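Subject: Structure handover

Hello,

Here is the structure I promised to pass on. Please open it first, then read my notes below.

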Amino acid sequence: ANSHTQRTNQRKLQILSLKMRGSARVVGATLLVCSVLVGSSAAIAADRGHAQGAGSLAFSLPLSVSGFSSLQRVNFNQRFAEHVLASPARSALRQYCPVYTTRPSSLSMAMVEAKEADPVGLAASASFQEAQGVGMKLGMQMVEQLEKAEQVDGDAKEVLNALLSHSDGARGWWVTSLTVAEMEPLFASDQGVDAMVDAVLANPDPNRRLLAMNVAMSTATAEYWKAEGNAANAEGSLTTKRRTTVLLRELLSSLSGLDTALAELRAAASGEQKEGEWVAFLDRWGYGPAQRTAIVAALDSVQA
């Protein structure tokens, strides 16, 4: 029975893949369907080209033995998944993925616990899924330290530095820290912000580009949810936007190349620039005029 259900789920994921790939406005997007683990989770990475640029969306689908028809909860491992929902491919995703949250899956947390004897080594080599678990655990540790001693200790900073040193680790950290409600003290404290800023300065790549993408995508998605009349989801996107803006303001004068990246992104969103990486980025996600105007305003506010 489990084997039959697994094959059925695989077929449904393949159908979803074809629908995603067939979306005319998602230029060059592909859906990479990984393993389907009945009773556990299936990992999917959307927009493969985006993944190679250190900014892919990824999410987990907890599957029951009865398949998608009785799916009660879809745990997206990052709020970036909502940007897929705001893209032209959203109808295909909504058909199978009606509900999402931003917490790391139980599988990613279990993977971390199994390797936590060497937290720095794990952070330096973590897969994207592992990095979400590392990020959740590290973030809560940092919050606890700030509440007790009003500072982040050296060990936590070392793990954070290792996590932000590579693409999978950085994406795992940002998808967790920028979205999870319990991480708010990191952004409300000078010491928490300083710890993240120092780690980014030590690792300009891939974090420069990821933070620029974060502020654009969260802004555009907030506009989408506002237009849909969904205030709760809009607020979640605005939280990501606000937290990212805090970091960008602190980094603007010290992170090499950040001002250039933001200026190029702004030019693409305003229409002043007609081609290039950021134009392709905005076109790929199908952002409309209102979303692009909001992105321009968000980027202006970073420098305010």
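The axes are lines fitted to C-alpha atoms, for helices over the stretch in contact, and angles run from 0 to 180 degrees between N-to-C directions.

This is a predicted model, in which local features need pLDDT of at least 70 and side-chain atom pairs count only at pLDDT 80 or more, while totals for chains, interfaces and linings use all residues. Residues are numbered from 1 along each chain as its sequence is written, and side-chain values use heavy atoms, with hydrogens and water left out.

**Overview**

The protein has 16 helices and three strands. Both are DSSP runs, numbered from the N terminus: helices are H or I with at least four residues, strands are E with at least two. Of the 304 residues, 52% are buried. Buried means under 20% relative accessible area, exposed over 50%, and partly exposed in between, with a 1.4 Å probe and protein chains only. Contact means heavy atoms within 4.5 Å. Among contacts with a separation of 6 or more, 66% join residues 24 or more positions apart.

**The core**

A nonpolar core is a set of buried Ala, Val, Leu, Ile, Met, Phe, Trp, Tyr and Cys residues joined through side-chain atoms within 4.5 Å. The largest one here has 60 residues. Met 142, Trp 173, Trp 174, Leu 186, Leu 247 and Phe 281 have the most contacts inside it. Helix H12 (residues 204-227) gives the most to this core, with eight residues. In soluble globular proteins, nonpolar side chains tend to be buried together.

Take Trp 173. Leaving aside neighbours within four places in sequence, its contacts include Ala 131, Leu 138, Met 142, Leu 160, Leu 186 and Met 196. Phe 281 belongs to helix H15 (residues 277-284), where Trp 278, Val 279, Phe 281, Leu 282 and Arg 284 are buried. Just after H15, Gly 286 takes a positive phi of about 65°.

**Helix pairs**

Start with H7 (residues 128-149) and H9 (residues 167-177). Their axes are 7 Å apart and the helices pack at about 50°. H7 and H9 are therefore oblique to each other. The contact of H7 with H9 has seven nonpolar, six polar and two charged residues. Here Ala, Val, Leu, Ile, Met, Phe, Trp, Tyr, Cys and Pro count as nonpolar, Asp, Glu, Lys and Arg as charged, and the others, Gly among them, as polar. Trp 173 is one of the H9 residues in this contact, and Met 142 is one of those from H7.

Next, H8 (residues 154-163) and H11 (residues 190-202). Their axes come within 9 Å and cross at roughly 40°. This pair is therefore oblique as well. H8 passes H11 in a right-handed crossing. Lys 157, Leu 160 and Asn 161 in H8 meet Ala 195, Met 196, Ala 199 and Ala 202 in H11. These residues divide into five nonpolar, one polar and one charged.

Last, H13 (residues 231-251) and H16 (residues 289-302). They pack at about 40°, with axes 9 Å apart. H13 and H16 are therefore oblique. Lys 241, Thr 245, Leu 248 and Arg 249 in H13 meet Ala 298, Ser 301 and Val 302 in H16. The contact divides into three nonpolar, two polar and two charged residues.

**Single residues to look at**

- Thr 219 lies in H12. It counts as buried because its relative accessibility is 2%. Beyond four places in sequence, Thr 219 touches Lys 241, Ala 294, Ile 295 and Ala 298.
- Val 197 lies in H11. It counts as buried at 8% relative accessibility. Its C-alpha atom is separated by 6.8 Å from that of Leu 247, 50 residues apart along the chain.
- Glu 150 lies in the loop between H7 and H8. It has a positive phi of about 60° although it is not a glycine. Glu 150 is exposed, with a relative accessible area of 59%.
- Pro 206 is found in H12. The peptide bond from Asp 205 to Pro 206 is cis, with omega near 10°.

Best wishes

Terms used: Parallel < 35°, antiparallel > 145°, perpendicular 65-115°, else oblique. Left-handed = near helix turned anticlockwise from the far one by under 90°.
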